[in-house]
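Me: I am new to this structure, and I would like to learn how to read its features one at a time. Could you take me through them slowly?

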Amino acid sequence: MDSPVFDEQRLSVLRDLALLESEKKTLYDHLTALAQTVLGAKVALMSMVARDFQFFKSFAGLPEPYASNPRTPLAGSFCQHVVDDNAPLIVDDAL
């Protein structure tokens, strides 16, 4: 079975909605801050998973250098597993 990460229809929707590498929006930031508060998390991210990178559309508590450049390679990312499994992922200790 092919990974949903590479599904062309999913990727097309992300492009059509301009969710990849777009400017931060206050609405998303409010939702991310709410998630951080409700979960008691140090960091909360709203990630968009492209074919070979992930883009943090919104974030709270994200340290530098990621806050200034919210795009990271997909290799080694946690977010691709959410797309693959179509289920939430909670990372208790990212180390």
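Reply: Let us begin with a helix, for which the expected span is 1.5 Å times one less than its number of residues. Please keep in mind throughout that this is a predicted model.

Me: How many residues does helix α2 have, and what span should they give?

Reply: Helix α2 covers residues 26–39, and because its 14 residues at 1.5 Å a residue should span 20 Å, the 20 Å between its end C-alpha atoms agrees with the expectation. After α2 comes Gly 40, whose phi is positive, near 65°.

Me: Which side chains meet Glu 8 in a salt bridge?

Reply: The idea here is a side-chain nitrogen of Lys or Arg within 4 Å of a carboxyl oxygen of Asp or Glu. By this rule the structure has 2 salt bridges: Glu 8 meets Arg 15 at 3.9 Å, N to O, and Glu 8 also meets Arg 51 at 1.9 Å, N to O. The second pair links distant parts of the chain, since Glu 8 belongs to helix α1 (residues 8–16) while Arg 51 sits in the loop between β1 (44–49) and β2 (53–60), 43 residues apart. Through shared partners, the salt bridges join Glu 8, Arg 15 and Arg 51 into one network.

Me: Is Gln 54 buried or exposed, and which residues does it touch?

Reply: Gln 54, which lies in strand β2, has 6% relative accessibility and therefore counts as buried. Leaving aside residues up to four places away in sequence, Gln 54 touches Met 48, Val 49, Pro 70, Arg 71, Thr 72, Pro 73, Leu 74, Ser 77 and Cys 79. With Thr 72, the side chain of Gln 54 also forms a polar contact of 2.8 Å.

Me: What should I look for around the aromatic rings, and how many aromatic pairs are there?

Reply: A pair of aromatic rings is described by the distance of the centres and the angle of the planes. A search of the whole structure finds 0 such pairs.

Methods:
Residues are numbered from 1 along each chain as its sequence is written. This is a predicted model: local features need pLDDT of at least 70, side-chain atom pairs count only at pLDDT 80 or more; totals for chains, interfaces and linings use all residues. Side-chain values use heavy atoms; hydrogens and water are left out. Helices (H or I, at least four residues) and strands (E, at least two) are DSSP runs, numbered from the N terminus. Buried means under 20% relative accessible area, exposed over 50%, partly exposed in between (1.4 Å probe, protein chains only). A polar contact is a pair of N or O atoms within 3.5 Å; within protein, one must be able to donate a hydrogen and the other to accept it, and residues adjacent in sequence count only if both atoms are side-chain atoms. Contact means heavy atoms within 4.5 Å. Rings of Phe, Tyr and Trp (its six-membered ring) pair if their centres lie within 6.5 Å; planes under 30 degrees apart count as stacked, over 60 as edge-to-face and the rest as tilted.
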